[in-house]
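Hi there,

Here is the structure I promised to pass on. Please have a look at it first, and then read my notes below.

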Amino acid sequence: MGQAELRAGALEPRSPVHAFVGLGANLGDAVATLNWAFAALADTPLTQVLARSGLYQSEAIDCEPGAPPFVNAVACLSTGLNAPQLLAALQQLEQAAGRQRPYRNAPRTLDLDLLLYGEGRIESASLCVPHPRMGQRAFVLQPLAEIAPQWAAAAAAPALAPQVLRRMNDPATGLT
Ligand code: AMP
(Lines give C-alpha, C1' and ligand atoms only; values in the text may rest on other atoms or scores of the structure.)
Protein backbone atom coordinates (compact mmCIF):
# COMPACT_ATOMS: atom_id res chain seq x y z
CA MET A 1 0.00 0.00 0.00
CA GLY A 2 1.50 3.32 -1.05
CA GLN A 3 1.55 6.69 0.65
CA ALA A 4 -1.27 7.98 -1.57
CA GLU A 5 -3.60 5.18 -0.48
CA LEU A 6 -2.97 6.04 3.18
CA ARG A 7 -4.05 9.67 2.86
CA ALA A 8 -7.16 10.22 4.92
CA GLY A 9 -9.22 11.40 1.96
CA ALA A 10 -8.58 8.14 0.11
CA LEU A 11 -9.67 5.91 2.99
CA GLU A 12 -13.11 4.49 3.67
CA PRO A 13 -14.24 5.61 7.11
CA ARG A 14 -14.74 2.75 9.57
CA SER A 15 -15.45 2.57 13.28
CA PRO A 16 -12.31 3.34 15.30
CA VAL A 17 -10.55 0.37 16.86
CA HIS A 18 -8.09 0.35 19.77
CA ALA A 19 -4.75 -1.01 18.59
CA PHE A 20 -1.48 -1.48 20.47
CA VAL A 21 1.88 -0.97 18.79
CA GLY A 22 5.26 -2.07 20.15
CA LEU A 23 8.15 0.30 19.44
CA GLY A 24 11.82 -0.66 19.59
CA ALA A 25 15.18 0.73 18.48
CA ASN A 26 18.82 -0.22 19.07
CA LEU A 27 20.66 1.84 16.46
CA GLY A 28 21.34 5.59 16.54
CA ASP A 29 19.64 7.85 19.08
CA ALA A 30 16.96 5.34 20.08
CA VAL A 31 15.19 7.62 22.59
CA ALA A 32 14.90 10.42 20.03
CA THR A 33 13.68 7.97 17.40
CA LEU A 34 10.97 6.56 19.66
CA ASN A 35 9.76 10.04 20.53
CA TRP A 36 9.73 10.89 16.81
CA ALA A 37 7.73 7.70 16.21
CA PHE A 38 5.10 8.60 18.83
CA ALA A 39 4.62 11.96 17.10
CA ALA A 40 4.51 10.28 13.68
CA LEU A 41 1.89 7.78 14.90
CA ALA A 42 -0.23 10.74 16.04
CA ASP A 43 0.10 12.19 12.50
CA THR A 44 -1.04 8.95 10.84
CA PRO A 45 -4.35 9.30 8.96
CA LEU A 46 -7.51 8.49 10.97
CA THR A 47 -5.34 7.71 13.99
CA GLN A 48 -4.88 9.14 17.49
CA VAL A 49 -2.36 8.14 20.18
CA LEU A 50 -4.48 7.54 23.31
CA ALA A 51 -1.64 6.51 25.61
CA ARG A 52 2.08 5.90 25.58
CA SER A 53 4.10 3.84 28.02
CA GLY A 54 7.36 4.96 29.50
CA LEU A 55 10.64 3.98 27.87
CA TYR A 56 12.46 0.78 28.86
CA GLN A 57 15.96 -0.40 28.12
CA SER A 58 16.28 -4.12 27.47
CA GLU A 59 19.01 -6.49 26.41
CA ALA A 60 18.81 -7.59 22.78
CA ILE A 61 17.10 -10.98 22.40
CA ASP A 62 17.56 -13.24 19.33
CA CYS A 63 20.27 -10.92 18.01
CA GLU A 64 23.94 -11.41 17.25
CA PRO A 65 26.34 -11.39 20.26
CA GLY A 66 27.26 -7.86 21.28
CA ALA A 67 24.13 -6.30 19.72
CA PRO A 68 23.34 -2.95 21.38
CA PRO A 69 20.54 -2.87 23.98
CA PHE A 70 17.07 -1.81 22.85
CA VAL A 71 14.87 1.04 23.93
CA ASN A 72 11.24 -0.16 23.94
CA ALA A 73 7.80 1.29 24.53
CA VAL A 74 4.16 0.62 23.65
CA ALA A 75 1.51 2.96 22.22
CA CYS A 76 -2.27 2.62 22.43
CA LEU A 77 -3.95 3.96 19.30
CA SER A 78 -7.48 4.64 18.25
CA THR A 79 -7.53 4.09 14.50
CA GLY A 80 -9.96 4.08 11.63
CA LEU A 81 -7.42 2.20 9.51
CA ASN A 82 -8.00 -1.49 8.97
CA ALA A 83 -5.23 -3.81 10.18
CA PRO A 84 -3.35 -4.15 6.84
CA GLN A 85 -3.53 -0.38 6.35
CA LEU A 86 -2.16 0.16 9.85
CA LEU A 87 0.67 -2.33 9.23
CA ALA A 88 1.51 -0.49 5.99
CA ALA A 89 1.57 2.81 7.88
CA LEU A 90 3.92 1.30 10.50
CA GLN A 91 6.24 0.00 7.79
CA GLN A 92 6.32 3.43 6.14
CA LEU A 93 7.39 4.94 9.46
CA GLU A 94 10.14 2.31 9.81
CA GLN A 95 11.38 3.29 6.35
CA ALA A 96 11.19 7.00 7.15
CA ALA A 97 13.34 6.35 10.22
CA GLY A 98 16.00 4.80 7.99
CA ARG A 99 15.27 1.15 8.71
CA GLN A 100 17.51 -1.22 6.77
CA ARG A 101 17.40 -5.01 6.72
CA PRO A 102 20.95 -6.14 5.87
CA TYR A 103 20.36 -9.50 7.63
CA ARG A 104 17.78 -11.11 9.89
CA ASN A 105 17.51 -9.49 13.35
CA ALA A 106 20.08 -6.81 12.48
CA PRO A 107 20.21 -3.74 14.73
CA ARG A 108 17.42 -1.38 13.71
CA THR A 109 16.75 2.35 13.86
CA LEU A 110 13.06 1.59 14.40
CA ASP A 111 10.92 -1.53 14.71
CA LEU A 112 7.15 -1.16 14.92
CA ASP A 113 5.06 -4.27 15.66
CA LEU A 114 1.28 -4.40 15.57
CA LEU A 115 0.64 -6.22 18.84
CA LEU A 116 -3.15 -6.10 19.10
CA TYR A 117 -5.89 -4.82 16.83
CA GLY A 118 -9.07 -4.68 18.89
CA GLU A 119 -10.22 -8.22 19.50
CA GLY A 120 -8.98 -9.14 16.03
CA ARG A 121 -7.26 -12.44 15.24
CA ILE A 122 -5.46 -12.35 11.92
CA GLU A 123 -3.21 -14.97 10.40
CA SER A 124 -2.17 -14.03 6.90
CA ALA A 125 1.15 -14.31 5.09
CA SER A 126 2.07 -10.73 6.01
CA LEU A 127 0.26 -10.12 9.29
CA CYS A 128 -0.31 -12.12 12.47
CA VAL A 129 -2.33 -10.50 15.28
CA PRO A 130 -2.06 -10.82 18.22
CA HIS A 131 1.67 -10.62 17.57
CA PRO A 132 2.88 -14.24 17.87
CA ARG A 133 5.88 -13.56 20.15
CA MET A 134 4.43 -10.88 22.42
CA GLY A 135 3.61 -13.38 25.20
CA GLN A 136 7.28 -14.32 25.63
CA ARG A 137 8.69 -10.79 25.63
CA ALA A 138 9.00 -8.77 28.82
CA PHE A 139 9.99 -5.73 26.73
CA VAL A 140 6.51 -5.87 25.18
CA LEU A 141 4.41 -6.98 28.16
CA GLN A 142 5.80 -4.62 30.81
CA PRO A 143 5.19 -1.41 28.85
CA LEU A 144 1.89 -2.84 27.59
CA ALA A 145 0.72 -3.56 31.16
CA GLU A 146 1.56 0.02 32.10
CA ILE A 147 -1.13 1.36 29.74
CA ALA A 148 -3.39 -1.74 29.59
CA PRO A 149 -3.55 -3.15 33.15
CA GLN A 150 -5.41 -6.29 32.01
CA TRP A 151 -1.98 -7.46 30.82
CA ALA A 152 -0.36 -7.11 34.27
CA ALA A 153 -0.62 -10.83 35.11
CA ALA A 154 0.98 -11.82 31.81
CA ALA A 155 3.76 -9.26 32.39
CA ALA A 156 4.45 -10.73 35.84
CA ALA A 157 4.79 -14.34 34.62
CA PRO A 158 7.75 -16.02 36.34
CA ALA A 159 9.10 -17.26 33.01
CA LEU A 160 9.80 -13.64 32.04
CA ALA A 161 11.77 -12.81 35.21
CA PRO A 162 15.22 -13.47 33.66
CA GLN A 163 14.57 -10.75 31.06
CA VAL A 164 15.86 -7.61 32.76
CA LEU A 165 14.28 -4.28 31.85
CA ARG A 166 15.32 -0.88 33.10
CA ARG A 167 12.83 1.98 33.18
CA MET A 168 14.45 5.04 31.59
CA ASN A 169 14.02 8.75 32.04
CA ASP A 170 11.96 10.08 29.16
CA PRO A 171 12.97 13.62 28.31
CA ALA A 172 9.85 14.10 26.14
CA THR A 173 7.34 13.37 28.91
CA GLY A 174 9.36 13.81 32.09
CA LEU A 175 8.27 10.27 33.06
CA THR A 176 10.76 8.06 34.88
P1 AMP B 1 10.35 -7.25 11.59
O2 AMP B 1 11.65 -7.80 11.12
O3 AMP B 1 10.07 -7.50 13.03
O4 AMP B 1 10.16 -5.80 11.21
O5 AMP B 1 9.22 -8.08 10.83
C6 AMP B 1 8.50 -7.55 9.79
C7 AMP B 1 7.73 -8.64 9.07
O8 AMP B 1 6.82 -9.29 9.95
C9 AMP B 1 6.95 -8.09 7.89
O10 AMP B 1 7.15 -8.94 6.80
C11 AMP B 1 5.50 -8.16 8.37
O12 AMP B 1 4.64 -8.40 7.28
C13 AMP B 1 5.55 -9.33 9.33
N14 AMP B 1 4.52 -9.28 10.39
C15 AMP B 1 3.63 -10.26 10.64
N16 AMP B 1 2.84 -9.94 11.66
C17 AMP B 1 3.23 -8.71 12.09
C18 AMP B 1 2.79 -7.83 13.13
N19 AMP B 1 1.76 -8.18 13.95
N20 AMP B 1 3.42 -6.64 13.27
C21 AMP B 1 4.45 -6.30 12.46
N22 AMP B 1 4.93 -7.07 11.46
C23 AMP B 1 4.32 -8.28 11.28
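**Fold and ligand shell**

Starting at the N terminus, the elements of the protein chain follow the order α-β-α-β-β-β-α-β-β-β-α-α-β. That makes five helices and eight strands; helices (H or I, at least four residues) and strands (E, at least two) are DSSP runs, numbered from the N terminus.

Before you go further, please note that this is a predicted model, in which local features need pLDDT of at least 70 and side-chain atom pairs count only at pLDDT 80 or more, while totals for chains, interfaces and linings use all residues. Residues are numbered from 1 along each chain as its sequence is written.

On overall dimensions, the C-alpha trace of the protein chain spans about 45 × 35 × 35 Å along its principal axes. Of its 176 residues, 32% count as buried, meaning that 20 or more other C-beta atoms, placed from the backbone, lie within 10 Å of the residue's own. Among contacts (C-beta atoms, placed from the backbone, within 7 Å) with a separation of 6 or more, 69% join residues 24 or more positions apart.

Now to the ligand. Around it are Leu87, Asp111, Asp113, Leu114, Ser126, Leu127, Cys128, Val129 and His131, where near means a C-beta atom, placed from the backbone, within 6 Å. Strand E5 (111–117) and strand E7 (128–129) are the elements that each give two or more residues to this shell, and E5 has the largest share, with three residues.

Happy browsing!

Terms used: Buried ≥ 20, exposed ≤ 12 C-beta atoms within 10 Å, placed from the backbone. Contact = placed C-beta atoms within 7 Å.
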